[in-house]
Amino acid sequence: MKSTWWKEAIVYQIYPRSFYDSSGNGIGDLRGIIQKLDYIKSLGVDVIWLCPIYDSPNDDNGYDIRNYRKIMLEFGTEQDFDELLKEIHDRGMKLLMDLVANHTSDEHQWFTASKASKNNTYRDYYYWRPGKNGGPPNNWKSFFGGSAWEYDEQTDEYYLHLFTKKQPDLNWENSKVRNGLYDIMDFWFQKGIDGFRMDVISLISKLDNLPDSPFENFQKTITQIYANGPNIHTYIQEMNKKVLSKYDVMTVGEGPGIDLNHGISYVHEDRNELNMVFHFGHMFIHNGPEGKYDPIDIELPTFKNVFNDWDNHLKDGGWGSIYLGNHDFSRMVSRFGNDKEYWEISAKLLATLLLTLRGTVYMYQGDEIGMTNVAFPTIEDYNDVETLGSWKDALEKGKDMEAFLENVHRQSRDNARTPFQWSSDNFGGFSERSPWIKVNENYVKINVLEQEKRASSILNYYREMISFRKENIVLVYGDYESLDNDHKKIYAYRRWDDKDEFVVIHNFSNHEVIWKFPLEEASYKLVKTNVDTKTDLLEFAPWQTKILKRHIA
Ligand code: TEU
């Protein structure tokens with residue numbers, strides 16, 4: 001495998017609104033991030049990925065951009081940004097920005113012009129269509145509930161929005177749109193940023209004539225109708241040729257509908273498209289028949305198979321991204337660990353998983369201290385458009401709303417968006433004022449200051465694991481193979497090259513387990529574990545993780 005800096009990088013994702021408020025208005029900001037750069041650096045991180053910080057009316061917290069060249073007033077100024085970039089580079093780190101290219105805000109000047117009349121030059125920047133049989137042009141649904149079409153009285157046509165009605169979809173077939181977006185990318189690369197995470201890049205090419213979806217199931221509609229459209233690879237190759245290939249940068253495409261049939265075609269090194277994608281294999285794993293807010297339980301082998309299949313899919317000429325949560329999903333310890341009795345130890349197990357798989361590692365802010373899901377008592381406490389849209393749909397369908405609130409507790413995107421817990425001071429030390437969204441009450445117990453003081457904290461475990469990965473490059477590039485794959489409590493795998501072999505074993509359960517596997521125990525040495533108890537090599541306390549090492553040559 002070819003080595004590059006971005007394959008070895010540990011990326012730390014910041015949701016700026018919730019990271020640190022330096023101005024005292026209850027909203028995180030760029031100067032707040034600057035103040036915390038030494039903290040981020042102390043983790044051993046190489047790259048910071050910032051969720052959108054551009055000028056936006058914040059219908060979807062920045063994923064609705066009004067001006068791609070300006071900084072959101074609440075977050076700071078252009079000077080603050082320049083300083084942030086310099087301070088990041090001065091510390092030897094890099095900056096990944098979020099590129100939202102599938103849609104703009106409805107307040108973007110392209111859209112206001114487009115909306116003004118049927119025959120203006122910007123009309124074709126978006127998807128405008130006449131209605132059909134007194135309703136919208138087709139049966140497409142928005143990701144956030146309701147129709148994907150909004151009627152505009154003035155010109156008596158509908159426009160397409162796969163997300164909220166304040167996020168109209170851009171028409172990538174129009175070369176002016178594409179070139180306009182490439183100019184924006186150039187603008188940021190000229191400033192010196194080091195790459196882009198590309199929001200819903202899988203959706204930019206639409207099917208000809210925008211046909212009705214024949215599927216009831218929304219997930220199917222995404223994969224078969226919305227994603228991986230006919231020109232997707234032509235567009236990404238063009239973007240690569242015109243922009244990306246001019247710079248030494250990293251790219252990761254986010255993609256609903258990027259499944260095992262499509263992943264490699266976005267990232268194969270011979271195709272000149274993207275370096276990596278974020279697939280949703282494990283993120284949608286709990287989606288029930290009615291989607292994310294209809295959660296189901298799964299068994300461990302189903303979870304392992306996501307990693308097995310993707311590693312296998314990408315290993316010849318591709319590269320993966322490893323993450324266990326982000327700003328769109330529940331907290332990883334609440335979701336895949338046990339955030340009650342085994343909170344600390346299961347958070348460490350997950351850290352070990354994250355840092356021993358093949359692929360570029362993406363950490364999400366707060367996971368390094370084991371921040372957990374939140375359970376606000378009423379829907380009024382929630383802010384996220386997706387949560388509120390699903391709530392509205394459920395109400396209209398006459399659902400049991402008390403039960404639905406429990407689904408919200410389990411699945412809401414706001415679980416990951418509560419303010420970062422810096423200390424046990426008011427509002428978790430995030431701000432001096434009541435923040436834009438409530439702080440999780442457990443900040444008194446779970447916070448950075450407390451964990452800095454304790455050698456055995458989750459925070460310090462992350463630091464150790466990050467340097468462990470860096471000292472053992474086989475954990476980045478080495479081969480991967482799952483062992484005893486059908487085991488329902490143990491997730492074990494080998495990582496090896498021609499010199500060394502690691503066997504990583506996780507007990508994903510609340511029970512003690514003896515792993516009955518024919519491993520030549522005498523040739524392995526225990527090099528890392530998350531529990532301070534003496535057990536036999538293949539004996540595991542609840543949520544215990546062990547890394548064994550064998551020297552080959
Ligand atoms: O998310 C894309 C996406 O697929 C999500 O809508 C995802 O399905 C959902 O959040 C799962 O709960 C990206 C951004 O990450 C998200 O924050 C934005 O809201 C969305 O695009 C629109 O820009």
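Modeller: Strand S2 (residues 47-50) pairs with strand S5 (residues 94-100) in the parallel sense, over four bridges. Strands are DSSP runs of E with at least two residues, helices are runs of H or I with at least four, and both are numbered from the N terminus. Two strands pair if DSSP finds at least two bridges between them. Strands of a sheet pair through backbone hydrogen bonds, either parallel or antiparallel. Residues are numbered from 1 along each chain as its sequence is written. This is a predicted model, in which local features need pLDDT of at least 70 and side-chain atom pairs count only at pLDDT 80 or more, while totals for chains, interfaces and linings use all residues; side-chain values use heavy atoms, with hydrogens and water left out.

Within this pair, Leu50 stands opposite Met97 in S5. S2 and S5 belong to an open sheet of eight strands, paired in parallel, in the order S11-S10-S9-S5-S2-S1-S13-S12. Strand S11 (276-278) and strand S12 (321-322) are at the edges and have a single partner strand each, so one side of each has no neighbour in the sheet.

Helix H6 (residues 175-191) lies across S5 and strand S9 (195-199), and runs at about 145 degrees to S9. The axes behind that angle are lines fitted to C-alpha atoms, for helices over the stretch in contact (heavy atoms within 4.5 Å). Angles run from 0 to 180 degrees between N-to-C directions.
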